[in-house]
Amino acid sequence: MIRWSQTLLNTLREAPQDAEIVSHKLLIRAGMMRKLGGGLYTYLPLGMRALRKIEAIVREEMERAGAQETLFPILQPAELWRQTGRWDSMGPGMFRVRDRKEAWYVLAPTAEEAFTALAKSEIASYRQLPRTIYQMQDKFRDEIRPRFGLIRGKEFIMKDAYSFDADDAGADRSYRAMYEAYERIFARVGLAAKPVEADTGDIGGNFSHEFMVYAASGEDGILDCPACGYAANQERAERAPAPVPYRAEAGEPERVATPGQHTCEEVARFLGRPIDQIVKSLVLLVGGKPVMALVPGDRELSETKLRRLFGGAKVEEADAETVARLAGPVGSIGPVGLGDLPVYADRALEGAADVVVGANAEGFHLAHVSLARDARVTAYEDLATVRAGDLCPKCGKPLEIRRGTEVGQCFKLGTKYSAAMGATYLDEQGAAKPIVMGCYGIGVSRTLQAIVEQSNDKDGIVWPAAVAPCQVALLILDPDVPEVVAQAEALGAALEARGIDVFVDDRPERPGVKFKDADLIGLPIRVVAGAKGLAKGGFEIRRRTERDSAVVPPAEAAQAIASLLEQSL
Ligand code: ATP
Ligand code: MG
């Protein structure tokens, strides 16, 4: 039993100024955590208990899926990160520190390098594959905008797992096992998390799923098909090809004056044309080499899709000088009459005729352009961002856009890290092959807060029973009446004997204060022990989610509480 009178716990009436979302406010107000600095939080005793319960579930499911726990140093030699090029590519988001000998280290933001180094030293033969290992540990990221409490911290707790396989088929099986473990983990902690197709970002690799919790405060956009369940991060979502209904071939390209008109909107309005008949042309540097990309005038180019098309190469906008040299003045460029500049067009432009493009001269556009006839398009690819109302690539029904927060991500890495670091094994024929890898992260601390974001009401937190700091709040209304205290203590002991954890509010406070705090802290079952109630027949028992209590005689109370909990687990 945990007693309030012995616990470092203060509830607050007001949330701090910087708490923007309900879960952040409630975790602070309920005394579960406190801020130490920007993006840095201390878990207080009750918050810590919820965190430990989540961790226990994650561990159980990792072990069930065949993964074994390890623990790596947080402080990692820069040399490891240089081997994969991430010392440079991670940029300012990675914390770097020096020791007294001026040797550089990383405060790990993730741990592919360290795990791959271990695989390199320990795995020699196909007989040692597959293996999946994980750790649960603090990670550090110098986020541009740490905010929303535990949702985006500078320091946070991540469970990161890494799988090592002999071949692609094996890696797919390992991926599947982790993916299924994630589904079980989020279901068990009481969180509705939806797997969505995702980009592989800085981590790299072949394919990926993010587990998203839909929430208005989410920082990711997700295209979601309510009809068939397809869902993908906006960065990577596809759509059923919907070619713009272009008019048939219409004469030769015609140079038209468009003085001062630069954006597609301006040109469309000026020429009296629908905006999707204007083609947006952009010059970008992909892996340092210039390319032109074309999308319909009402669309944005997805740099993520372009990067993926080029195998993960870095994509940057070209500066005005480069654009002018290769095409024309920014705001008036187009794909007609270019030199060797490769042109990649969005699929919706395939067959586009009678469109308007920049004439590569200030103040002019070309009308009646047929891309096939007048431009040299290297390839038509999926390059444009998808938006609500576009058609689902799987079933053709309209997509919706949702906001979400990522609580976990699975990556199929392939041999990106093993090849870079020389982590090979000998196959049955004795040939050295790079190990095929996957990596799998869960934001454990973020999950804690996401649960609260999804599970609360106007009075406070509503903890799912599996992760509540304690399962029962036992409110002693008359802590100075020995008979009441004795009955409450006896019930507490009986509950603990059944493996139910109990938080006792034994403060000398008014009942109203205790009720308010119990709602704010949000334990699944509230039990009231008062002199009046006990004289009338027993404890008053109710779920956090119910308004009315049942009066249960002391002899039956433990059983009644146990069955209530069983129903909610
Ligand atoms: P995000 O897109 O939200 O920044 P990420 O894709 O960069 O996250 P991963 O590298 O996939 O994050 O890390 C694995 C998990 O760690 C994420 O799914 C998320 O739950 C958690 N996580 C990442 N960054 C943070 C952070 N700054 N604070 C808390 N949790 C985080
Ligand atoms: Mg991620």
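Let's start at strand S25, where both faces are covered: Val436, Gly438, Tyr440 and Ile442 on one side, and Met437, Cys439, Gly441 and Gly443 on the other, are all buried (under 20% relative accessible area, with exposed meaning over 50% and partly exposed in between, using a 1.4 Å probe and protein chains only). This is a predicted model, in which local features need pLDDT of at least 70 and side-chain atom pairs count only at pLDDT 80 or more, while totals for chains, interfaces and linings use all residues. Residues are numbered from 1 along each chain as its sequence is written, chains are lettered from A and ligands numbered from 1 in the order in which they are written, and side-chain values use heavy atoms, leaving out hydrogens and water.

S25 spans residues 436–443, and eight of its eight residues are buried. Strands here are DSSP runs of E with at least two residues, helices are runs of H or I with at least four, and both are numbered from the N terminus. In a regular strand, side chains alternate between the two faces of the sheet.

Now look at the partners of S25. Strand S9 (residues 155–165) runs antiparallel to S25 and is joined to it by eight bridges; strands pair if DSSP finds at least two bridges between them. Within this pairing, Tyr162 stands opposite Cys439. Strand S22 (residues 400–414) is also antiparallel to S25, with six bridges between them, and here Cys410 has Tyr440 as its bridge partner.

Gln409 counts as buried because its relative accessibility is 9%.

For a helix pair, turn to H1 (residues 22–29) and H12 (residues 444–454), whose axes come within 8 Å and cross at roughly 105°. The axes are lines fitted to C-alpha atoms over the stretch in contact, with angles from 0 to 180 degrees between N-to-C directions. H1 and H12 are therefore roughly perpendicular (65 to 115 degrees; under 35 is roughly parallel, over 145 roughly antiparallel, and the rest oblique).

Finally, visit Val551 in strand S32 (residues 550–552). Val551 counts as exposed because its relative accessibility is 51%. Its C-alpha atom is separated by 8.8 Å from that of Leu534, 17 residues apart along the chain.
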